[in-house]
Amino acid sequence: VFAARSPSIARSGVVISVLLWAVFDFFSIGCGLAARVLLPHLSDPLTAYPALAALVLPPWLAAFFTLALFATVMSTLDSYLFLSAATVGHDLTTKPPSPSEERRRIRFGLALSALIASAGALLFDSAVTVWHHVGSVVTSALLFPVVGVHLPPKWRYSPVAATTAIVGAAVVALGWILAAGDAGYPLGVEPMFPALAASVLVWVVDRSHAETRRRKDPAPSPE
């Protein structure tokens, strides 16, 4: 997207990427279903791809397939690391930074993203668990503040309330995840729901406070 010559080229690239991603997901799910049928007693689902390759491919082709899996993992790792670094370096600021400052922030974002990714890989033994936890925290933190941007001004979060809702929802979701035990999450509730409730609570308090201020300070009547 950043390298596109025009917005139309960027839109076309996004559409093509989504279509290719759908094809990739179709093949991924198809291979998973095939492994479930052909290897019903597979103890570790994470080894489904290598085990399926060893079953249906000759040894030399199975080796190439394993290399392709490694290349896929590395390309995904590079993409997400650079995307996260660019987000930290370019997007998390109120005004465009200078080129030197942006490069410094991108380097910091790259190191921070790599550190967080490494911690997640060491703490969790399943990519599904990582996606679930990250999705629960990020979605609950951003959903209502981002939706509020598209609402009329009187229904939007104030800047302070938006920041409070994002941080508060993320903290609630993370705390809910950390509080989970062998019996599951507290009260049997997924972490996204209490986090969304916290975000809504911040919005209600913010709008109530704004309405109280509006009543105390009515707009001056035109002369």
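Angles under 35 degrees count as roughly parallel, over 145 as roughly antiparallel, 65 to 115 as roughly perpendicular and the rest as oblique. Keep in mind that this is a predicted model, where local features need pLDDT of at least 70, side-chain atom pairs count only at pLDDT 80 or more, and totals for chains, interfaces and linings use all residues. Residues are numbered from 1 along each chain as its sequence is written, and side-chain values use heavy atoms, with hydrogens and water left out.

**Stop one: two helices.** Select residues 7-38, helix 1, and residues 48-56, helix 2: they pack at an angle of about 70°, their axes 10 Å apart. (Helices are DSSP runs of H or I, at least four residues, numbered from the N terminus; axes are lines fitted to C-alpha atoms over the stretch in contact, and angles run from 0 to 180 degrees between N-to-C directions.) So helix 1 and helix 2 are roughly perpendicular to each other.

Now show the side chains where they meet: F27, S28, C31, A34, A35 and L38 from helix 1 against A48, Y49, L52, L55 and V56 from helix 2. Contact here means heavy atoms within 4.5 Å.

**Stop two: the largest nonpolar core.** Pick V137, A141, A169, A173, W176, I177, Y185 and A195, 8 residues in all. Such a core is a set of buried Ala, Val, Leu, Ile, Met, Phe, Trp, Tyr and Cys residues joined through side-chain atoms within 4.5 Å, buried being under 20% relative accessible area with a 1.4 Å probe, protein chains only. Helix 5 (127-149) and helix 6 (159-178) each supply at least two residues of this core, and helix 6 gives the largest share, 4 residues.

**Last stop: Y185.** What does Y185 touch, leaving aside its neighbours within four places in sequence? Its contacts are H132, H133, W176, I177, A180, E190 and P191.

Note on methods: Buried means under 20% relative accessible area, exposed over 50%, partly exposed in between (1.4 Å probe, protein chains only).
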